[in-house]
Structures are given as structure tokens and as C-alpha cells.
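Subject: Structure handover

Hello,

Here is the structure we talked about. Please open it and read my notes alongside.

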Amino acid sequence: MRFYFLILLTFSSVTFSNTVPTIEEYQQRQDTGLFDGYLYGLENGLDWGSEYAYRKHDVVLFCKPNDIMLPVSEIKKMINEELEIRKSFYQKYKKEPLLGLALRNAFTRNFPCN
């Protein structure tokens, strides 16, 4: 029993070790749900980072209301809009893991500070 558990653990770590998708991987597999957890993590990290930047350095990155929890479909929509708006940039760097940058830019555009 322990042997099977160790094999399962080994294959799981190999399968999930490449969890940071490139722009190209995201575009090819965004409808599969494979990166949904990663996208939620990006959203949470950006929210935390924005709050930290404000408290520590008085820098505001974007003004997303704290009580908004976006569904993954909305996060994908925002990322896809960003990828389309800056198509030449993201096409040039399609082999890079820049979804965090795309989401941050989308938040800046969709949640501006007045």
C-alpha cells in the first residue's frame, strides 16, 4: 500500500510541477480548467501585493474593491482582453509565464483609482 502511495506521489509531483503556464500554454488550454487554481492564486496574490504596496510604500497599483471575488470566467475574460489589447507584446513573449503581468494590467485598466 505504501509503495503505491509513493508512486502516486511521485507521478503527481512530476505532473503538477509545471503549473506556471506560458502565454501560449494558457491560450491553448484555457477552456480545460487546468489553470483555474493558478488564476485564483494570481488574483489573491495581486490583491495582497496591492494592499502591501499601499501600506508599506503608499503606492496604489489598482483600486479593486475588497469585497469583490471574481469568478474564474471573469478573470479569464480580463486576461484575454489584455492579451488582445497588447497582442504584439504578448505574441513576442508567448513562451514566457506572463499571465500575472497580464492580470495586473487588466486590473489596472478595469479598476482604476480615481
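A term to start with: buried means under 20% relative accessible area, exposed means over 50%, and partly exposed is in between (1.4 Å probe, protein chains only). This is a predicted model, where local features need pLDDT of at least 70, side-chain atom pairs count only at pLDDT 80 or more, and totals for chains, interfaces and linings use all residues. Residues are numbered from 1 along each chain as its sequence is written, and side-chain values use heavy atoms, without hydrogens and water.

Start with helix α6, residues 99-110. Helices here are DSSP runs (H or I, at least four residues), numbered from the N terminus. In α6, the buried residues include L99, L103 and F107. Buried α6 residues pack against α2, α3, α4 and α5 (contact: heavy atoms within 4.5 Å).

Now α4. Its axis is 8 Å from that of α6, at an angle of about 95°. The axes are lines fitted to C-alpha atoms over the stretch in contact, and angles run from 0 to 180 degrees between N-to-C directions. So α4 is roughly perpendicular to α6 (65 to 115 degrees).

What links the side chains of E81 and R109? A salt bridge does, at 3.8 Å, N to O. The term means a Lys or Arg side-chain nitrogen within 4 Å of a carboxyl oxygen of Asp or Glu. E81 is in α4 and R109 in α6, so the pair ties together parts 28 residues apart in sequence. E81 is partly exposed at 33%, and R109 is partly exposed at 31%.

The whole structure has 10 salt bridges. Another joins K95 and E24 at 2.7 Å, N to O.

Best wishes

Technical notes
Helix = DSSP H or I, 4+ residues; strand = E, 2+ residues; numbered from the N terminus. Expected span 1.5 Å × (residues − 1). Parallel < 35°, antiparallel > 145°, perpendicular 65-115°, else oblique.
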